[in-house]
Amino acid sequence: MKCQTPGCTGEHEPRAISHSVIHRQRTLVVHDVPADVCPDCGAVVVHEETILHLDHLLARKARSKRAELVFET
Ligand SMILES: [Zn+2]
């Protein structure tokens, strides 16, 4: 996928990132989230289906006291 950043000619490549989200006024870090990352400028694109899945995951996991979790399918 071509990078959307103006002036950048990089090609995004799939990578697992750590993504922080605010869920019910808490900041949670989710590791191993699949995303497309531009190696040139570092722009990160998380697909909509991944974000939807993240929502479900948070709904299930948010009761735990841990501030970090791992993306699982
Ligand atoms: Zn780029």
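Me: Is Asp32 buried or exposed?
Reply: This is a predicted model, where local features need pLDDT of at least 70, side-chain atom pairs count only at pLDDT 80 or more, and totals for chains, interfaces and linings use all residues. Residues are numbered from 1 along each chain as its sequence is written. A residue is buried if 20 or more other C-beta atoms (placed from the backbone) lie within 10 Å of its own, exposed if 12 or fewer, and partly exposed in between. Asp32 has 12 C-beta neighbours inside 10 Å, so it counts as exposed.

Me: Where does Asp32 lie, and what is its phi?
Reply: Asp32 lies in strand S2; strands (E, at least two residues) and helices (H or I, at least four) are DSSP runs, numbered from the N terminus. Most residues other than glycine have a negative phi. Asp32 is not a glycine, yet its phi is positive, at about 60°.

Me: Which residue in the turn between S1 and S2 has a positive phi?
Reply: S1 and S2 form a hairpin with two residues between them. The residue we want lies in that loop and isn't a glycine, though its phi is near 50°.

Me: How many bridges join S1 to S2?
Reply: Two strands pair if DSSP finds at least two bridges between them. S1 covers residues 13-23 and S2 covers residues 26-37, and they run antiparallel. Ala16 stands opposite Pro34 in S2. The number of bridges joining S1 to S2 is 10.

Me: What is the bridge partner of His31 in S4?
Reply: S4 takes in residues 68-70, and S2 pairs with S4 in the parallel sense over three bridges. In S4, the partner of His31 is Val70.

Me: And in S3, what is the bridge partner of Val37?
Reply: S2 and S3 run antiparallel, with two bridges joining them. Their hairpin has six residues between the strands. On the S3 side, Val37 has as its partner Val44.

Me: Why does Gly42 count as exposed?
Reply: Gly42 sits in the loop between S2 and S3 (44-45), and its phi is positive, near 85°. Gly42 is exposed because the other C-beta atoms within 10 Å number 11.

Me: How far apart in space are Gly42 and Gly10?
Reply: Along the sequence, these two glycines are 32 residues apart. From C-alpha to C-alpha, the separation is 9.4 Å.

Me: How many residues of H1 are buried?
Reply: H1 runs over residues 48-61 and includes Lys61, which counts as partly exposed because it has 15 C-beta neighbours inside 10 Å. The helix reaches 20 Å from its first C-alpha to its last, close to the expected 20 Å (1.5 Å times one less than its number of residues). H1 is hardly covered: of its 14 residues, the buried count is one.
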